[in-house]
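Trainee: I am new to this structure and would like to know what stands behind the terms used for it. Please show it to me first.

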Amino acid sequence: MSAHALPSSLYMLRGDHFSPLVGDVFWLETAQGPLQLRLVKVHIGTAPIFSGSERCPFTLTFISPPGDYSACSGGMMNLRHARLGQVQGPFIAPCVADIHPSWGPGQLWSATFT
C-alpha cells in the first residue's frame, strides 16, 4: 500500500499505511495545541476480529518528548503527518508500557484500530 495517500474513511485505514512511517513525526491536535509524536511501532494483528470485516486490527505506538501531559488524557483527536495529511478522529491516549532504549525518554501514546 502507498504511504502517500490515505483512504478518506478512518475505517479503511490499514496498518500497512503506517508501517513505512516508523520513525516519522506526527502532530497530535490537542485542546492545548499541537503535540509532537514520533511513530515508534506498528503492530498488526493476524486476523480481523469482527465478522464481515477485512481489516486486521492494528495499534500505532508513538512517543512524545518528556513532559507533563496530565491535561491531555486522550480521546478522539486528529493526527497530522507531513506527507499523509490529516488522520481524522482516531482514539489516542497516553499509555503505560516498556519504552525501548532506542526510543529515548518520553511518554508513550497508542491508537488502536479494530
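Trainee: What does F18 touch?

Mentor: Leaving out residues up to four places away in sequence, F18 touches L13, F26, L39, V42, F58, L60, L84 and V87. Contact means heavy atoms within 4.5 Å. This is a predicted model, in which local features need pLDDT of at least 70, side-chain atom pairs count only at pLDDT 80 or more, and totals for chains, interfaces and linings use all residues. Residues are numbered from 1 along each chain as its sequence is written, and side-chain values use heavy atoms, with hydrogens and water left out.

Trainee: Why is V42 called buried?

Mentor: Buried means under 20% relative accessible area, exposed over 50%, and partly exposed in between (1.4 Å probe, protein chains only). V42 has 19%, so V42 counts as buried. V42 lies in strand β2, where a strand is a DSSP run of E with at least two residues, numbered from the N terminus. Among the residues that V42 touches, beyond four places in sequence, are G15, F18, T59 and L60.

Trainee: What makes T61 count as buried?

Mentor: The relative accessibility of T61 is 13%, and therefore T61 is classed as buried. T61 belongs to strand β3. With residues up to four places away not counted, T61 touches R38, L39, V40, K41, L108 and W109.

Trainee: What makes a set of residues a nonpolar core?

Mentor: The members are buried Ala, Val, Leu, Ile, Met, Phe, Trp, Tyr and Cys residues, joined through side-chain atoms within 4.5 Å. The largest such core here has 22 residues, of which F18, F62, I92 and W109 touch the most other members. Two or more residues each come from β1 (25-30), β2 (33-44), β3 (58-64) and β8 (107-113). The largest share, four residues, is from β2.

Trainee: Which residues do ring pairs link into a cluster?

Mentor: The cluster holds F18, F26, F58, F62 and F113. Rings of Phe, Tyr and Trp (its six-membered ring) pair if their centres lie within 6.5 Å; planes under 30 degrees apart count as stacked, over 60 as edge-to-face and the rest as tilted. In the whole structure, the search finds six aromatic pairs.

Trainee: How many residues of each class line the largest pocket?

Mentor: The lining has six nonpolar, three polar and one charged residues. Ala, Val, Leu, Ile, Met, Phe, Trp, Tyr, Cys and Pro count as nonpolar, Asp, Glu, Lys and Arg as charged, and the others, Gly among them, as polar.
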